Amino acid sequence: MVKDKYFIYPKDVSAFGFDWGKLSLTVAPEVNGASRFSGGVVELPSGEGHSRHNHPGAEEIIFVISGEGEQMVEDETGNPITRKVASGCTIYIPESRFHSTKNTGGGPMLLFVVYSPAGPELALRDLPDFRLLQPGF
């Protein structure tokens, strides 16, 4: 757990690094004892994004802090719905629904993501390009 469990910056925690960007969990059971949800900041460099995936048994909220991109969410029949998204947009991903995000802007795209219940993000550690980045990176 981090020293101050109530006020946490992404630089204060280790991050999940990938070829497409990184996720810094700033709220999670292992970070500050949160039990009903987890979340953190995702940084996608220009032109990068994560491929279609889902989180079985979990809902997700994505809030676009800055940047612009394309977000895909599959509807209840499995049809992909893709929209342009930008700063200020909130995206709701229903439980177990497939989705993907791509940064189409010229600079980094920052997102705040929330998973409920906590835990589905830990499966990201099993991806072949996963690497643990120490705090401050």
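## Terms and model

Two strands pair if DSSP finds at least two bridges between them. Strands themselves are DSSP runs of E with at least two residues, and they are numbered from the N terminus. This is a predicted model, in which local features need pLDDT of at least 70 and side-chain atom pairs count only at pLDDT 80 or more, while totals for chains, interfaces and linings use all residues. Residues are numbered from 1 along each chain as its sequence is written, and side-chain values use heavy atoms, with hydrogens and water left out.

Strand β5 (residues 59–66) is joined to β8 by 4 bridges, and E60 stands opposite I93 in β8. Between β5 and β10 there are 7 bridges. Which residue in β10 is the bridge partner of E59? The partner is S116.

## Strand β1 and its neighbours

Strand β1 (residues 15–18) is antiparallel to strand β11 (residues 131–133), with 3 bridges between them. Another 3 bridges join β1 to strand β2 (residues 21–27), where K22 stands opposite G17. The link from β1 to β2 is a hairpin of 2 residues.

## Covered and uncovered faces

In a regular strand the side chains alternate between the two faces of the sheet. For β1, both faces are covered: A15 and G17 on one side, and F16 and F18 on the other, are all buried (under 20% relative accessible area with a 1.4 Å probe, protein chains only; exposed is over 50%, partly exposed in between). Strand β8 (residues 90–93) has I91 and I93 on its covered face, but T90 and Y92 on an uncovered one.

## The sheet of four strands

A second open sheet has 4 strands in the order β4-β9-β6-β7, again with antiparallel pairing. The edge strands are β4 and β7 (80–86), each pairing on one side only. Neighbouring strands of this sheet are turned by 15° against each other on average, direction ignored. Within it, 5 bridges join strand β6 (residues 68–74) to strand β9 (residues 99–103), and E70 stands opposite K102 in β9.

Strand β4 (residues 49–53) contains S51. Is S51 buried or exposed? S51 counts as exposed because its relative accessibility is 58%. Leaving aside residues up to four places away in sequence, S51 touches H99 and S100, where contact means heavy atoms within 4.5 Å. S51 and F98 are 47 residues apart in sequence, and their C-alpha atoms are 9.6 Å apart in space.

## The largest pocket

The largest pocket holds about 360 Å³ of space. Of the 22 residues that line this pocket, W20, H53, H55, L124 and L127 are the closest to its centre. A pocket is an open set of points on a 1 Å grid over the protein atoms alone, where a 1.4 Å probe fits, with protein on both sides within 12 Å along at least five of seven lines; lining residues have an atom within 4 Å of a point.

β4 gives the most to the lining, with 4 residues.

How values were computed
Axes are lines fitted to C-alpha atoms, for helices over the stretch in contact, and angles run from 0 to 180 degrees between N-to-C directions. Grid points are joined across faces, edges and corners, and a volume is the space filled by probe spheres set on the points.
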